[in-house]
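Thanks for coming, everyone. I'll walk through one structure this morning, piece by piece. Please have a look at it first.

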Amino acid sequence: MQVSGQKIVVLGTGGTIAGTSAQAGDNIGYTAAQVGVEQLLNAVPGLQALAGGGLVAEQVAQIDSKDMECEVWRTLALRCAHHLNDPEVRGVVITHGTDTLEETAWFLHEVLDARKPVVLTCAMRPATALTPDGPQNLLDAVAVVLAPGSMGVLAVAAGDVHGARHVQKVHPYRVNAFSSGEAGALGWVEEGTVRWAFNGPVVLENQASGAMNSVVNAAAWPWVEVIMNHAGASGRAVDALAREGVQGLVVACTGNGTIHHDLEAALLRAQTAGVRVVRSTRCAEGQVLPKPGDALPASQGLSPVKARVALILDLLRMD
Ligand code: SIN
């Protein structure tokens, strides 16, 4: 589908999609975030035509997403909000590293009132690969922006369209590295057309949580860590973090929110001292099912890393 008279803004943040390696066949020994977003767009045949000539590139950051920081999230959210408010903008595409894409997606989902599509895309192979996946992912991301009914924060990779809540990187190497687990993909991009998993336009849980104001005004970001329960876990790390002034702890619990008794005792001590503690599960699928009387609250279905984002925003709101 072609559209004219409307802009699609592509915000570049770096990642493997913008990565280069000295040898064309090297898919792991590359450096992420080397190629500017404008150059990436110019390298994709048919992209401008698909977007009706209205593609606008803007470099927001140029980082390997393992180094993602709240300050970059703030800048990104502000640039998204700015462009989404422009009546001429149809939607926003964000090029991003795969490693923390799901955290950025959840952050943006929580802070933006995204009645238009905000589509994150990425690549598992650098721009210099023999068969880079970035160009097709960019084409697919623009197709998702143009798809009727498309809205909210989405992620597109390897032809799958995911929602911000469930998308997760599940593989460190293969091109099809993302999954929405039991929830499944929201749709698929096939030869430039989006086939939604349900009939009709996709309806997303896109209510912004009202966190944008606190993000804009944040003088300092709350310190929130993720810790994991495992065989032989102790409470020493938690006691040390509490002494150092940590404000929030997300526990990647075993199973349905279970925690080694030594770690649990330390978490209860921390909670009594004012540290916010949230239980998620380290299981790849499912969620912690809370029971009446639980001493530590559950993450309402969020994975440990997304529960951390939610807790940061919650602590900001309370500031
Ligand atoms: C990154 O996350 O920036 C590097 C890895 C990737 O994009 O696949």
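Predicted model: local features only at pLDDT ≥ 70, side-chain atom pairs only at ≥ 80, totals over all residues.

A word on naming before we start.

Is glutamate 191 buried or exposed? Its relative accessibility is 84%, so it counts as exposed.

There is another case to set beside it. Alanine 33 is not a glycine either, and has a positive phi of about 60°. Look for alanine 33 in the loop between β1 (7-14) and α1 (37-42). Alanine 33 has a relative accessible area of 10%, so it is buried.

Now zoom out to the domains. The protein chain is divided into domain 1, residues 7-196, and domain 2, residues 220-318. Their C-alpha centres lie 30 Å apart. Domain 1 brings 17 residues to the contact, and domain 2 brings 14.

How much area is buried between domain 1 and domain 2? About 1,300 Å², with carbon and sulfur atoms giving 62% of that. On the domain 1 side, Cys70, Trp106 and Arg165 lose the most area to domain 2. Together those three account for 35% of what that side buries.

Next, the polar side of this interface. The rule finds zero salt bridges across it. Polar contacts do turn up: six residue pairs between domain 1 and domain 2.

Which elements of domain 1 give two or more residues to the side that touches domain 2? They are α3 (70-84) and α4 (101-111). Helix α4 supplies the largest share, six residues. By class, that side of domain 1 has seven nonpolar, three polar and seven charged residues.

On to the salt bridges. The structure holds twelve. I'll show three of them.

Start with arginine 276 and aspartate 314. Their side chains meet at 2.8 Å, N to O. This pair links distant parts of the chain, 38 residues apart. Arginine 276 is in strand β13, residues 276-281, and aspartate 314 is in helix α9, residues 304-318. Both partners are partly exposed: arginine 276 has a relative accessible area of 27%, and aspartate 314 stands at 26%.

Aspartate 314 has another partner, arginine 317. That salt bridge also comes out at 2.8 Å, N to O. Why are these two about one helical turn apart? Because they are three residues apart in helix α9. Arginine 317 is partly exposed, at 33% relative accessible area.

The last one joins lysine 291 and aspartate 294. Here the N to O distance is 3.5 Å. Lysine 291 counts as exposed at 51% relative accessibility, since the cut-off is over 50%. Aspartate 294 is partly exposed, at 26%.

Valine 118 is found in strand β4, residues 117-121. Its relative accessibility is 0%, so it counts as buried. What does valine 118 touch, leaving out residues up to four places away in sequence? Cys80, Leu84, Val92, Ile94, Leu108, Leu112, Gly152, Val153 and Leu154. Glycine 91 is 27 residues from valine 118 along the chain, yet their C-alpha atoms are separated by 6.0 Å.

Serine 150 lies in the loop between α5 (134-146) and β5 (152-157). It has a relative accessible area of 8%, so it is buried. Where does its side chain go? The serine 150 side chain reaches the backbone oxygen of valine 144, at 2.8 Å.

To recap the interface: six residue pairs in polar contact, and zero salt bridges. Questions, please.

Conventions
Residues numbered from 1 in each chain as written. Heavy atoms only, no water. Domains from an automatic or database assignment. Contact = heavy atoms within 4.5 Å. Buried area = accessible area lost by both parts, 1.4 Å probe. Salt bridge = Lys/Arg side-chain N within 4 Å of Asp/Glu carboxyl O. Polar contact = N/O pair within 3.5 Å; in protein donor to acceptor, adjacent residues only side chain to side chain. Helix = DSSP H or I, 4+ residues; strand = E, 2+ residues; numbered from the N terminus. Nonpolar A, V, L, I, M, F, W, Y, C, P; charged D, E, K, R; others polar. Buried < 20%, exposed > 50% of the residue type's maximum accessible area, 1.4 Å probe, protein only.
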